[in-house]
Amino acid sequence: MIDTRILLNDFEFVANNLAKRGINKDILHNLKQKVDTHKKLKAQTERQRSKQNKLSKDFHLVNKSGNPQSIESFKKELQYLKESIKENKEILDSQVIDIEQMLLKIPNLIDENTPIGKDESCNIEIKKVLAPSKLDFIPKQHWELAKQNKWIDTEAGVKLAKSRFSVLRGMGAKLNQAIISYMLDFNAKNGFEICSVPIVVNERALIGTGQLPKFADDMFKLESFYDDEIDTEANQAKPKNSKNTSKGHNLYLISTSEIALTNLYQDTIIPKESLPIMLTSYTPCFRKEAGSARKDTRGIIRQHQFDKVELVAITTQQESKAIQQKMIENASKLLESLELPHRLVQLCSGDIGFSATNTVDIEVWLPGQNCYREISSISNCGDFQARRAKIRYKDRNNNILAHTLNGSSLAVGRTLVAIMENFQQSNGDINIPKVLEKYL
């Protein structure tokens with residue numbers, strides 16, 4: 001979430017910045033008023049508490065004087081302060097909840113390198129890497145190749161679940177697994193620690209990285225349940241006379257392993273010398289794809305369940321830009337090693353993600369579709385997620401909010417698609433990139 005101190009101290013900067021993302025100034029003005037009111041009431045309450053402490057210390061002197069009027073006056077003032085502080089605390093607690101709910105719905109500020117624009121048409125191409133091959137035949141699209149080679153069965157996916165699910169078979173399944181293994185090995189050689197994380201997370205983790213409440217409609221939510229085994233272990237650590245207040249928890253299937261990897265350090269103060277932390281993970285991911293009913297209905301470009309290898313970094317505020325560049329280079333070199341032409345694109349303010357302050361997309365060339373399609377998105381989130389998830393690092397005696405970064409090492413399904421279309425032969429056969437041969 002954004003820093004309310006900046007909102008109070010430089011409102012016009014925040015308003016102008018977020019206006020580039022389509023945020024109404026009135027919303028921010030309302031939030032500023034609430035934050036300002038809370039700040040003033042908190043200061044007043046602290047003054048009252050200080051006065052209460054002083055009067056409490058002095059009461060024995062008044063009581064010792066034996067003056068009934070002074071004693072009664074002291075008691076009345078102490079009682080007034082006690083009741084006023086209690087009433088203010090209830091108001092302050094309510095204000096905090098109200099302010100946090102508003103903050104959770106406001107996107108990150110964009111940085112100075114993010115261009116201004118209303119949508120993806122305003123994104124800026126940075127550079128192209130590798131030239132597309134000149135084919136002497138009309139290239140097929142991946143779903144045509146999949147049917148011919150019996151690699152992908154979308155009808156079986158519908159039979160087992162619903163549309164936008166599919167089944168990989170034979171060499172399609174083997175190649176998909178080879179891509180995953182190769183990506184993880186490639187990332188590990190470049191300094192990213194391999195992690196295996198749950199594909200189910202709780203609401204707090206989703207709030208921490210910005211998926212909730214903004215993208216609730218795009219998440220697959222599981223029914224609440226009560227885990228007796230876990231709660232029994234937790235309750236054993238409680239005093240014998242304490243009540244069991246455990247309740248069921250709302251859990252969700254992850255839309256990206258960024259959620260789990262980043263929240264590994266939720267509520268953590270990390271020694272500065274341990275930074276940067278660079279992680280990679282393979283997981284299946286799940287999205288409802290709300291609002292995309294008629295987009296990419298054929299093939300596996302846009303699925304409800306898809307495989308992805310993710311990159312996540314946690315670092316200092318000074319190093320985050322350099323780390324973002326390292327992550328971009330890692331994903332680009334990975335594509336280059338797979339001999340897949342691609343381009344780097346700087347996202348504009350109207351196309352950038354909710355939690356990001358700066359994003360560079362990597363788009364792979366698909367000859368069957370005769371266009372570039374997104375295969376990776378590398379974002380610097382600044383301290384936006386760290387403030388929500390309370391991820392800090394210790395520099396001398398100061399606890400400082402970390403900067404978090406994330407991006408697809410590559411979307412596995414789209415990598416499979418890119419290999420199929422770029423390595424297809426005139427007869428429909430598909431060659432395999434040399435770096436994947438040992439995995440097959």
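Biologist: With which side chain does the side chain of Asn406 make a polar contact?

Modeller: This is a predicted model, in which local features need pLDDT of at least 70, side-chain atom pairs count only at pLDDT 80 or more, and totals for chains, interfaces and linings use all residues. Residues are numbered from 1 along each chain as its sequence is written, and side-chain values use heavy atoms, with hydrogens and water left out. A polar contact is a pair of N or O atoms within 3.5 Å, where within protein one must be able to donate a hydrogen and the other to accept it, and residues adjacent in sequence count only if both atoms are side-chain atoms. At 3.4 Å, the partner of the Asn406 side chain is the side chain of Glu258.

Biologist: Is Asn406 buried or exposed?

Modeller: Asn406 is found in strand β16 (residues 403-411), strands being DSSP runs of E with at least two residues, and helices runs of H or I with at least four, numbered from the N terminus. Buried means under 20% relative accessible area, exposed over 50%, and partly exposed in between (1.4 Å probe, protein chains only). Because its relative accessible area is 8%, Asn406 is buried.

Biologist: Which backbone oxygen does the side chain of Arg287 reach?

Modeller: The UniProt annotation "binding site", from an unreviewed entry, covers Arg287 among others; its positions are given in the numbering used here, feature names are shortened, and annotations may be inferred rather than shown by experiment. Arg287 is found in the loop between β9 (277-286) and β10 (305-315), and it counts as partly exposed because its relative accessibility is 29%. At 3.4 Å, its side chain reaches the backbone oxygen of Ser255.

Biologist: Why do the buried residues of α5 line one face of the helix?

Modeller: In helix α5 (residues 142-149), the residues His142, Leu145 and Ala146 are buried. The arc used here is that of the directions from the helix axis to the C-beta atoms. Seen down the axis of α5, its buried residues line one face because they fall within an arc of 100 degrees.

Biologist: Against which elements do the buried residues of α5 pack?

Modeller: Contact means heavy atoms within 4.5 Å. Just after α5, Lys150 takes a positive phi of about 60 degrees. The elements against which the buried residues of α5 pack are β2 (152-153) and α13 (412-422).
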